[in-house]
Amino acid sequence: MKITTQLCAIIATIVTTSCTTNNNQTPMKNPFHTQINSNQLTPEILWQLGRVGTPLISPNKQQIAFTITYTNIAEDKNYTDIYTMPTQGGTIKQITNTKENEYQISWTPDGRIAYLATKNTAPQVWTINADGTQPTQVTNIEGGIE
């Protein structure tokens with residue numbers, strides 16, 4: 001538990017400083033353009049900050065996978081994507097970047113990331129390479145899976 005808390009704190013610090021996406025290596029930022037125009041931290045600003053999900057270390061101990069959830073207040077909707085970073089520190093890569101949510105991540109024994117995705121409104125199990133390539137739907141259960 002202590003290690004998970006420390007990892008979350010480290011990732012949150014790195015996420016708010018310098019990140020890149022896996023497509024074109026452009027700086028990552030809140031997709032809803034949080035702007036802080038005063039020295040007060042309001043509930044509206046807190047809702048716009050990304051919330052880091054539980055970090056998980058890869059089977060080979062070389063990478064950490066985690067999610068970041070952003071809230072679009074105008075739409076009253078959350079958006080969650082998957083990110084990775086080296087365990088020794090370095091560049092954070094955005095692995096998914098969709099209009100759907102990717103959540104409940106875990107590592108597979110062969111080093112892929114398994115997750116639930118709400119594509120077509122019914123959650124299904126998907127896997128993806130740690131570099132963001134080859135997203136593959138694993139299940140197709142009517143009504144979705146939880």
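Predicted model: local features only at pLDDT ≥ 70, side-chain atom pairs only at ≥ 80, totals over all residues.
Local features need pLDDT of at least 70 and side-chain atom pairs pLDDT 80 or more, while totals for chains, interfaces and linings use all residues. Residues are numbered from 1 along each chain as its sequence is written, and side-chain values use heavy atoms, without hydrogens and water.

The protein has 2 helices and 10 strands. These are DSSP runs, numbered from the N terminus (helices: H or I, at least four residues; strands: E, at least two). Their order from the N terminus is α-β-α-β-β-β-β-β-β-β-β-β. Of the 146 residues, 38% are buried. Buried means under 20% relative accessible area, exposed over 50%, and partly exposed in between (1.4 Å probe, protein chains only).

The count of aromatic pairs is 1. Rings of Phe, Tyr and Trp (its six-membered ring) pair if their centres lie within 6.5 Å; planes under 30 degrees apart count as stacked, over 60 as edge-to-face and the rest as tilted. Phe-66 and Tyr-83 form a stacked pair, with 5.9 Å between centres and 15 degrees between planes. Phe-66 belongs to strand S4 (residues 63-72) and Tyr-83 to strand S5 (residues 77-86), so the pair ties together parts 17 residues apart in sequence. Both Phe-66 and Tyr-83 are buried.

Leu-46 lies in helix H2 (residues 43-48). Leu-46 counts as partly exposed because its relative accessibility is 45%.
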